[in-house]
Amino acid sequence: MKIHEYQAKEILEKYNVAVPAGIATTTVEETVEAAKKLKGQGAELFVVKAQIHAGGRGKGRTKKNNAKGVVLCKTIDEVRETAENLLGDVLVTIQTGEEGQLVQRLYVTDGVDIKSEFYLGILMDRAVSKNVIMASTEGGVEIEKVAEETPEKIVKEWVEPGMDLQPNQARRIAFELGLEGEALKNGIKLIQALYKAYEETDSNMFEINPLIVTPDNKVYALDAKVTFDDNALYRHKDLAELKDEAEENPLELEAQKYNLNYIKLDGNVGCMVNGAGLAMATMDIIKLSGGEPANFLDVGGGANVDTVKNGFRIILEDPNVKAILINIFGGIVRCDRVANGVIEAVKDPEIAEKVKDVPIIVRLQGTNAKEAKEIIDNSDLNVISAVLLKEAAEEVSKVLA
């Protein structure tokens, strides 16, 4: 689960990670009042940041007003103008794609002076099954670009499972960043606090870009990106409440209501599969057949009429879908039951109207696969049966030709 920057910083503050003072707003007047409040606390400059669930905001531009997603303002009037330009406009960044995301919330922060910038991130290194802390002197730059062009500038420290981050590891990272004196002490404290926050919130990723040092050697998390492990949210009811559904894909939210694992993609062939591994293989088949997957949809082990019907309904909400490939392995559930479920779902008036021009390829393998194929073949519906993956791929090629 993703959260906004202002929410991430509220969490970091609880763990004594230093962040610039800031206030989240949803209207122009709230933004102006927030700037006035910060000015009263000593702020001389203000940074107004669009709050969307995507990176690259500083380099992004809004569609209507061509405004940057992160703007340094010198006066209250500039804060007002920036808020007017951002709120209600669509911000396009390298991570949103051309469709962009609607800006509905802003974050006004103290524009602190910056002496130097760094990158600091924590995530799971799945290659070695250990948490890894990555740091770089190239702050403010996408870490992917640094890894590609100057990988030697990335420092890594792995934390042994079941152990805390050791003080010597935090010191080593701070030394590698070139921190000295008071900045070194503050940097070590921040690294240790950040790792504690990462561990105790069951996060997938903490990314501070940039981490800054001010002229008076204070160390701040100037930006913060945090994602949580969805599977651990039952242990963190307070964190689960931070979810902003306005930032989520509406089809993905709809799928969650029916316990379907759905992720929208940009292709033209809808997928309905039971099992994540089979779903990945199905998407590979679609690409090899000349198509592009329109979604990832895992209906789980107990595919039945309701799950198939809801899966159809969600897939068909995507106007780009030109065909649907159902690939089910009958282990927990028999193939003939799935076939009957597909037929009943396709006969449903709501589904029938939408699929009349969308070919459906059904590949069922496993228990009672032969009986399932006969059910599909004798249905007199616009449903094509297949047994082998190769057959399913060939049918996809035909319908897309």
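Author: Buried means under 20% relative accessible area, exposed over 50%, and partly exposed in between (1.4 Å probe, protein chains only). This is a predicted model: local features need pLDDT of at least 70, side-chain atom pairs count only at pLDDT 80 or more, and totals for chains, interfaces and linings use all residues. Residues are numbered from 1 along each chain as its sequence is written, and side-chain values use heavy atoms, with hydrogens and water left out.

Reader: How many residues does the largest nonpolar core have?
Author: A nonpolar core is a set of buried Ala, Val, Leu, Ile, Met, Phe, Trp, Tyr and Cys residues joined through side-chain atoms within 4.5 Å. Ile-3, Leu-12 and Phe-228 are among the residues with the most contacts inside the largest one. Its residue count is 42.

Reader: Which element supplies the largest share of this core?
Author: Helices (H or I, at least four residues) and strands (E, at least two) are DSSP runs, numbered from the N terminus. Elements that each supply at least two core residues include helix H1 (5-14), strand E8 (116-125) and helix H6 (181-200). The largest share is ten residues, and they come from H6.

Reader: Is Lys-9, which pairs with Glu-5, buried or exposed?
Author: A salt bridge is a side-chain nitrogen of Lys or Arg within 4 Å of a carboxyl oxygen of Asp or Glu. Lys-9 forms one with Glu-5, the closest N and O atoms being 2.9 Å apart. Both lie in helix H1, four residues apart, about one turn of the helix. Because its relative accessibility is 1%, Lys-9 counts as buried.

Reader: What about Glu-5, buried or exposed?
Author: Glu-5 belongs to a network of salt bridges with Lys-9, Lys-49, Arg-57 and Asp-223. Its relative accessibility is 4%, so Glu-5 counts as buried.

Reader: How many residues apart are Asp-318 and Lys-264?
Author: Their side chains meet in a salt bridge (3.7 Å, N to O). Asp-318 lies in the loop between helix H10 (305-315) and strand E17 (323-330), Lys-264 in strand E14 (residues 261-264). The pair links distant parts of the chain, and the number of residues apart is 54.

Reader: Which helix holds both Asp-377 and Lys-373?
Author: The two side chains meet in a salt bridge (2.9 Å, N to O). Asp-377 counts as partly exposed at 41% relative accessibility, and so does Lys-373 at 30%. The two lie four residues apart, both in helix H13.
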